[in-house]
Amino acid sequence: MKTVIVGGVAGGMSAATRLRRLDANADIVVFERGEHVSYANCGLPYHLGGVISDRKDLLLQTPEGLGGRFGLDVRIRTEVLSIDRERRTVRVRDLDRATEYDESWDVLVLSPGAAPIVPDLPGIEGALPLRTVTDADRVVTAMRGQRPRTAAVIGGGFIGLEVAENLTRRGLAVSVVELDRQVLAPLDPEMAAGVHAQLRAHGVTLCLGTGPAKVLADAVELTDGRLIDAELVLLAIGVRPEVGLARTAGLAVGSRGGIVVDASMRTRGERSVQWHQLDNLLHAGTTLIDVRTPAEHHAGHIPGSINIPLDELRGRLDELPAGDLVVYCQVGQRAHTAAALVGDPVRVANLDGGYLTWLAGSASRTDTPSSAARPTRSRQGNASTG
Ligand SMILES: Cc1cc2nc3c(=O)[nH]c(=O)nc-3n(C[C@H](O)[C@H](O)[C@H](O)COP(=O)(O)OP(=O)(O)OC[C@H]3O[C@@H](n4cnc5c(N)ncnc54)[C@H](O)[C@@H]3O)c2cc1C
């Protein structure tokens, strides 16, 4: 049995070592795009502050160590580009050698984690995220090279405050910029007030209810017009799940942006329905959406369907009725994209083979096009009754 794991930090490496404990002979390959595996993200802010002074203490394991102790084949600087679910292979790229190859799997584990959210603002390239050891190295290099005396931390969540604590420890004058009226959103306001008092007691300036508008060379301009001194700018406004790989492999992605899994953490492919199931589904209250163009819809469509063209769907999602949906197009391709846009695989299914398959299937029932299969005309955006 061969298991391939995408991502070699907390999730991926825990899966790999657990698998080894369960099966001494399993073939386990871990692909990690970055330079390090199994490192202590939680220690990164404290490395900036010098509490964890030795960088080596952040690196819990190396590919060689994991190979020796657990018999894991760990390949860093190797990115998984795509998944072929039919052939059970992944396409990978060796980032240092600039070569690509296929790797087969019996079981594929996805643990791609998340990437920092970077707002689209003028000068944002001057702000540093703190997600990886490489990010921490950049901040340390900036502190050593530029010797900043002032810093702005954008984001007053847990990581932002840990960074503020540690930059203060380094002697920098730190401002925390937080869009909300308080730091640490999960806390009740009266609890947050205590945190505010502590931060101020340690010399931290709080800029609450405001956000960054522009990052300048040695300052940050805020949306309320204030300018705060910041020779160093750290970005800590949260992360977004890395789902590009899963999405292009046709795996379901949920409305909150994560990979959809069942109670056993198994992914789900897009749900599809067959043409002959449609009558029963419509009878049970499912709404049918035709995502083709108005001209295609006008030329012939499945009775009862609402026409919302794919190119308009993103802006008209709030028009979708509650309950189950089936989306269709001519052959299934555009409806696949539409299902991903709706983003709720439990609720939405793609009509397999689209309108043409439904038309052929309906005709085959009587050998001549049935009345139901006859092209039906309706106005765009309205449920047709014919
Ligand atoms: C500064 C900081 C402090 C934190 N402090 C705490 C704390 O105190 N307590 C706590 O519980 N949590 C803390 N966390 C959160 C914790 O570190 C994360 O929850 C944890 O790292 C998530 O692990 P993961 O393996 O799911 O994802 P990640 O750590 O994001 O790892 C996923 C890896 O997958 C790789 N990858 C993605 N796509 C591909 C691909 N296509 N091919 C190959 N590789 C790929 C990425 O390069 C990445 O290295 C902190 C995080 C940070 C950044």
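Is Arg-88 buried, partly exposed or exposed, and how many C-beta neighbours does Arg-88 have inside 10 Å? In this predicted model, Arg-88 counts as partly exposed because 15 C-beta neighbours lie inside 10 Å, a number that falls between the cut-offs of 20 or more for a buried residue and 12 or fewer for an exposed one. Arg-88 sits in the loop between β4 and β5 (89-94), and its backbone has a positive phi of about 55 degrees although the residue is not a glycine. Most residues other than glycine have a negative phi. Ala-98 also has a positive phi, near 55 degrees, and is likewise a residue other than glycine; it belongs to the loop between β5 and β6 (99-104). Ala-98 is exposed, because 7 other C-beta atoms lie within 10 Å.

The protein chain is divided into domain 1 (2-113), domain 2 (123-238) and domain 3 (272-366), and the C-alpha centres of domain 2 and domain 3 lie 48 Å apart.

The next topic is the packing of nonpolar residues. The largest nonpolar core holds 33 residues, and within it Val-153, Ile-154 and Leu-234 touch the most other members. At least two residues of this core come from each of α2, α4 (133-146), β10 (150-154), α5, β11 (173-178) and β16 (232-235), while α5 gives the most, with five residues. Apart from this core lies another, of 28 residues, which includes Val-4, Val-29, Leu-72 and Ile-83. Returning to Ile-154, and not counting residues up to four places away in sequence, one finds that Ile-154 touches Ala-127, Val-177, Pro-212, Val-233, Leu-234, Leu-235, Ala-236 and Ile-237.

Several of the strands named above also take part in a sheet. Five strands form an open sheet with parallel pairing, in the order β9-β16-β10-β11-β12, and its edge strands are β9 (128-129) and β12 (205-208), each of which pairs on one side only. Between β11 and β12, which run parallel, there are four bridges; Glu-178, for example, has Leu-208 in β12 as its bridge partner.

Finally, helix α5 can be examined through one of its residues. Thr-168 lies in helix α5 (residues 158-169), and it counts as partly exposed because it has 18 C-beta neighbours inside 10 Å, whereas 20 or more would be needed for a buried residue. Leaving aside neighbours within four places in sequence, Thr-168 is in contact with Val-174, His-202, Gly-203 and Val-204. Leu-187, by comparison, is 19 residues from Thr-168 along the chain, and the C-alpha atoms of the two residues are separated by 23 Å.

Key
Residues numbered from 1 in each chain as written. Predicted model: local features only at pLDDT ≥ 70, side-chain atom pairs only at ≥ 80, totals over all residues. Contact = placed C-beta atoms within 7 Å. Domains from an automatic or database assignment. Core = buried A, V, L, I, M, F, W, Y, C linked by C-beta atoms within 7 Å. Pairing = 2+ DSSP bridges.
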